[in-house]
Amino acid sequence: MKNNAVLREFIRYASANVLAMVGLSCYILADTFFIAQALGKHGLAALNLTIPVYGLIYGSSLMLGQGGATRYSLFREQDPSGEGRQAFSRALQLGGLCAVLLFLAGLLCSGQIALLLGADAATFEMCRCYIRVLLLFSPGFILNNIVQAFVRNDGAPRLSMAAMLTGCFANILLDYIFLFPLQMGMFGAILATCLSPLISLLVVSPFFLQRRNRFHLCRASLSLKITGRLCAPGLPALIGEMSSAIVMLLFNLILLEQAGNVAVAAYGVVANLSIVLIAIYNGIAQGTQPLFSLYCGRGQWQHLRQLLLYGTAAVLLVSLSLYLCVLLAADPIAALFNSEQDPLLQQIAISGMRIYFSGCLFAGINILLSTFFAAAAQSRPASLISLSRGFLLIIPLIFLLSRLWGLTGLWLVFPLTELLVCGLALLLYHRQKPERFSALL
């Protein structure tokens with residue numbers, strides 16, 4: 001009976017978050033598709049070059065949202081008037097600081113950032129426009145991700161899901177309107193994306209207006225020690241997003257050198273499909289995070305293990321299904337984003353998808369275990385997993401394999417890295433003892 005109760009809770013939380021992430025994935029794909037149709041391969045290349053900036057904003061807000069919400073869940077029952085009560089205010093304070101810095105970067109140096117990311121004469125103006133508007137709207141992204149994380153941890157995962165889905169589908173509609181009837185170009189594409197978190201915040205606002213929330217603004221001090229504790233559970237999310245951004249930057253620079261903007265555009269197809277895949281894995285992991293933290297706070301170790309088993313089964317099912325789709329439908333998938341019917345783009349994208357996504361199962365397990373450790377207040381193994389798959393292994397492999405086997409070597413980087421890190425993650429898990437999970441509370 002207890003196992004059935006854990007399964008019901010897992011389905012309730014994970015399904016809501018996975019649906020929200022699928023909605024997020026749909027809008028990413030729609031954004032890529034509309035830009036490819038309206039602006040061609042140069043628009044697709046420009047979009048791919050700017051993704052690292054989105055990764056920085058999204059990763060920072062995930063760190064603060066997941067970190068603060070995890071502290072809130074862990075201490076909600078143990079210390080409701082102290083650490084748990086102040087977590088929301090502290091997350092917002094840190095989010096405000098990040099938002100100011102990102103806003104100023106967009107205002108003052110969007111062109112320089114575009115050049116650093118590899119923009120050339122064909123893509124510079126589109127890159128600069130996209131980066132500038134994205135950074136100026138960064139406060140909305142940060143606030144939305146913090147609020148959604150706390151709402152989800154406050155027992156309202158379905159509301160969080162509804163808010164995210166509404167924002168995502170509004171983005172798809174606005175993408176079409178701005179790019180085609182209004183012909184607003186790249187500015188229209190990024191404006192639609194930036195309005196999405198604001199719409200999500202409007203959807204979730206009744207949760208606060210009806211006073212259903214148990215977390216509130218209050219006076220809360222900040223120090224380096226407090227900031228470190230709050231950010232630690234969300235640090236793997238930041239590392240994951242930042243590593244993806246750095247890896248994408250390196251991929252883009254090597255591809256530009258080897259085959260120019262066509263190869264970058266082809267990688268844009270693979271990278272955006274990868275974002276969809278990682279979003280689903282993050283949906284499973286983030287959906288189970290409140291339960292991981294809750295069971296850890298109560299010392300229910302058997303429930304933790306059972307929950308992890310359900311999460312692993314979900315990752316396995318998703319991975320096999322998606323990789324089968326890639327194997328069978330790589331050609332038509334690539335053609336969807338190849339509006340100019342460029343044969344080189346088509347060939348590179350098909351080859352890339354079939355090799356790259358062979359590592360999807362290992363990536364899903366790594367994300368789940370990293371979130372598990374972070375939610376159980378074990379930031380060291382969580383950060384080690386994220387650092388290994390994001391920096392320590394993948395960056396050397398990018399230079400080594402691309403030098404040895406060119407484009408094929410680049411596509412092999414992702415599956416080989418995730419396979420090696422998966423072995424490390426499983427070793428770290430089997431070395432942990434339940435009593436250690438509460439050591440950092």
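Entry 1. The model is predicted. I began with Tyr267 and looked up its accessibility: the relative accessible area is 2%, so Tyr267 is buried. The cut-off for buried is under 20%.

Entry 2. I then checked the ring partner, Trp411. Trp411 also comes out at 2% relative accessibility and therefore counts as buried. The ring centres of Tyr267 and Trp411 are 6.0 Å apart. Their planes meet at 40 degrees, so I logged the pair as tilted; edge-to-face would need over 60 degrees and stacked under 30.

Entry 3. Where do Tyr267 and Trp411 lie in the chain? I found Tyr267 in helix α9 (residues 261-298) and Trp411 in helix α14 (residues 394-431). The two are 144 residues apart, and the pair links distant parts of the chain.

Entry 4. I searched the whole structure for aromatic pairs, and the search returned 16. One of them is Phe33 with Phe337, at 6.4 Å centre to centre. The angle between the planes is 80 degrees, and the pair is edge-to-face.

Entry 5. I placed Phe33 in helix α1 (residues 2-75) and Phe337 in the loop between α10 (301-336) and α11 (343-356). These parts are 304 residues apart in sequence, so the pair ties them together across that separation.

Entry 6. Phe337 has 7% and counts as buried.

Methods. Residues are numbered from 1 along each chain as its sequence is written. This is a predicted model: local features need pLDDT of at least 70, side-chain atom pairs count only at pLDDT 80 or more; totals for chains, interfaces and linings use all residues. Side-chain values use heavy atoms; hydrogens and water are left out. Rings of Phe, Tyr and Trp (its six-membered ring) pair if their centres lie within 6.5 Å; planes under 30 degrees apart count as stacked, over 60 as edge-to-face and the rest as tilted. Helices (H or I, at least four residues) and strands (E, at least two) are DSSP runs, numbered from the N terminus. Buried means under 20% relative accessible area, exposed over 50%, partly exposed in between (1.4 Å probe, protein chains only).
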